[in-house]
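The following note sets out points for discussion on the model shown below. Please read it alongside the coordinates.

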Amino acid sequence: MRRLLLALPLLLPGATLADDAAIAEVRDAWGACSAMLAAAPDDWTGWRRNFDGGYGDHFEFHDGGDGAASVLVQTWLIDAIATQTDTSCYRADGSLAFLYSVMTSPNVAQGADGPAISREGRLYFDPAGNLLRVLQSITEGGEEVAKTDTAKYQLARGCDLTTPHATVEVVRDHLVSELGDIEGNRGTMTADPLNWCTIEVE
């Protein structure tokens with residue numbers, strides 16, 4: 001049985017020259033991933049499933065192949081009230097570099113019909129799979145209003161949908177477990193969520 005998540009991630013404290021270089025490397029990887037998506041936004045393998053009651057899940061893998069950037073875009077539609085999209089960027093060596101998570105829902109601190117707000121998470125990973133940095137924010141109308149959920153700003157759901165895939169190979173295995181291989185065989189996958197809302201904000 002393959003596990004989707006990395007070993008327990010580490011949040012490295014402080015900023016050093018080495019940390020700055022590591023963050024710069026992740027940002028370079030994100031640039032390559034962004035360019036790939038812009039060049040071929042509809043070139044993906046996976047599924048888009050929509051269910052009754054305002055639920056759905058989308059899994060769109062932009063596979064750059066060996067030696068190139070790859071991108072996984074996962075979207076969840078939740079109870080017709082919230083939407084979350086996680087965009088995972090993979091380095092040319094296949095390791096996860098960056099995960100950008102956005103959930104949008106009414107501000108339930110003001111009731112189910114409250115104004116729309118978004119929770120954004122930016123997760124930086126080193127090539128070995130360690131979590132280097134987590135940046136969080138709550139935005140309303142494009143402006144940051146808080147770092148995390150508060151009594152005044154609350155999303156309809158938490159952060160526990162996010163399930164990082166450590167490598168491109170794990171993403172490919174997930175595809176096979178859902179869609180089957182060329183012979184129709186399917187593997188077994190277990191997804192371990194990473195509740196990044198509980199990780200200290202840098």
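**Notes on the predicted model**

1. Strands β3 (residues 55–62) and β4 run antiparallel and are joined by 7 bridges. Strands here are DSSP runs of E of at least two residues, and helices are runs of H or I of at least four, numbered from the N terminus; two strands pair if DSSP finds at least two bridges between them. Within this pairing, Glu-60 has Val-73 in β4 as its bridge partner.

2. This is a predicted model, in which local features need pLDDT of at least 70 and side-chain atom pairs pLDDT 80 or more, while totals for chains, interfaces and linings use all residues. Residues are numbered from 1 along each chain as its sequence is written, and side-chain values use heavy atoms, with hydrogens and water left out.

3. On its other pairing, with strand β5 (residues 82–90), β4 is antiparallel over 9 bridges. Gln-74 is partnered by Asp-86 in β5. The two strands form a hairpin with 3 residues between them, and Asp-79 in the turn has a positive phi of about 55°. Strand β4 (residues 70–78) is mostly covered, with 8 of its 9 residues buried (under 20% relative accessible area; exposed is over 50% and partly exposed lies in between, with a 1.4 Å probe and protein chains only).

4. The largest pocket has a volume of about 200 Å³. Of its 15 lining residues, Gln-74, Trp-76, Thr-163, His-174 and Ala-191 are the closest to its centre. A pocket is an open set of points on a 1 Å grid where a 1.4 Å probe fits, with protein on both sides within 12 Å along at least five of seven lines; lining residues have an atom within 4 Å of a point. At least two lining residues come from each of β2 (45–51), β3, β4 and α2 (168–179).

5. Trp-47 in strand β2 and Phe-59 in strand β3 are 12 residues apart, and both are buried.

6. Trp-30, Phe-98 and Tyr-124 form one aromatic cluster.

Definitions and conventions:
Grid points are joined across faces, edges and corners, and a volume is the space filled by probe spheres set on the points. Rings of Phe, Tyr and Trp (its six-membered ring) pair if their centres lie within 6.5 Å; planes under 30 degrees apart count as stacked, over 60 as edge-to-face and the rest as tilted.
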